[in-house]
Amino acid sequence: PMFADATRSIREYIIKNGKEFGKIMETEYFKNNFIIEGEKLKNVPKEYDKDYKFSEYLKNKSWYIEYHIDDSLFLKPEIFINKCIEIFKNIKPFNDYINKALKDFKMPERK
C-alpha cells in the first residue's frame, strides 16, 4: 500500500483484464482454497464503478493470498511437500496476473 502507483496499476489491470481475472478467481481450486486479503479501503475508490463485477478487489491497497494448512501436515514431510507443490501450481496464475499488472512499475529511487 505504500506505493500508490503500484496499487493504481493493479486496479487498472483488473478493470482492463477482468475476463482473465475472473477466469483465475472462478476456478474451483482457487474459490475453494484461497482467500485474497490485504489492506483495504472501506469503499470502492470514486474513480471506479462500484457495480463492477470485481469492485470488491478494487478496494484493496495490497493483495496477498491465504491458504490454510492443517498443522498435522508439517509432521508428514512428503505429504507436506506435495501439498506445497499443488498450492504453488494453483496460485501461479494469480501471481502471474499481478506481475503482468506491475510490469511497468518502477520502484522509487532512494535519495
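The side chains of E39 and K61 meet in a salt bridge with an N to O distance of 3.1 Å, a salt bridge being a side-chain nitrogen of Lys or Arg within 4 Å of a carboxyl oxygen of Asp or Glu. The structure is a predicted model, in which local features need pLDDT of at least 70 and side-chain atom pairs count only at pLDDT 80 or more, whereas totals for chains, interfaces and linings use all residues. Residues are numbered from 1 along each chain as its sequence is written, and side-chain values use heavy atoms, with hydrogens and water left out. The mean pLDDT (the predictor's confidence in each residue, from 0 to 100) of the protein chain is 93, and 99% of its residues reach 70 or more.

Because E39 lies in the loop between strand 1 and helix 4 and K61 in the loop between helix 4 and strand 2, their pair ties together parts that are 22 residues apart in sequence; helices (H or I, at least four residues) and strands (E, at least two) are DSSP runs, numbered from the N terminus. E39 is partly exposed at 39% relative accessibility, as is K61 at 27%, where buried means under 20% relative accessible area, exposed over 50%, and partly exposed in between (1.4 Å probe, protein chains only). The loop between helix 4 and strand 2 (64-66) also holds S62, whose side chain reaches the backbone nitrogen of E39 at 2.9 Å, and S62 is buried with a relative accessible area of 18%. N60, placed in the loop between helix 4 and strand 2, is buried at 0% relative accessibility. Residues up to four places away in sequence aside, N60 touches T7, R11, I36, E37, G38, E39 and K40, contact meaning heavy atoms within 4.5 Å.

In total, 10 salt bridges are counted. One of these joins E56 and K59 at 3.2 Å, N to O; here E56 is partly exposed at 40% relative accessibility, whereas K59 counts as buried at 15%. Another joins K83 and E86 at 3.0 Å, N to O, both residues lying in helix 5, three residues apart, about one turn of the helix.

A search of the whole structure finds 11 aromatic pairs, where rings of Phe, Tyr and Trp (its six-membered ring) pair if their centres lie within 6.5 Å, and planes under 30 degrees apart count as stacked, over 60 as edge-to-face and the rest as tilted. F21 and Y57 form an edge-to-face pair, 5.3 Å centre to centre with 70 degrees between the planes, which links F21 in helix 2 to Y57 in helix 4 (residues 55-58), 36 residues apart. F21 is buried, with a relative accessible area of 1%, whereas Y57 is partly exposed at 23%. The rings of F30 and F94 have their centres 5.9 Å apart and their planes at 40 degrees, so this pair is tilted; F30 in helix 3 (residues 28-33) and F94 in helix 5 (residues 77-101) are 64 residues apart. One aromatic cluster is formed by Y13, F21, Y52, F54, Y57 and Y97.

The largest nonpolar core has 21 residues, of which I14, F21, F30, I36, F94 and Y97 touch the most other members; such a core is a set of buried Ala, Val, Leu, Ile, Met, Phe, Trp, Tyr and Cys residues joined through side-chain atoms within 4.5 Å. Helix 1 (4-16), helix 2, helix 3 and helix 5 each supply at least two residues of this core, and helix 5 gives the most, with five.

Methods. A polar contact is a pair of N or O atoms within 3.5 Å; within protein, one must be able to donate a hydrogen and the other to accept it, and residues adjacent in sequence count only if both atoms are side-chain atoms.
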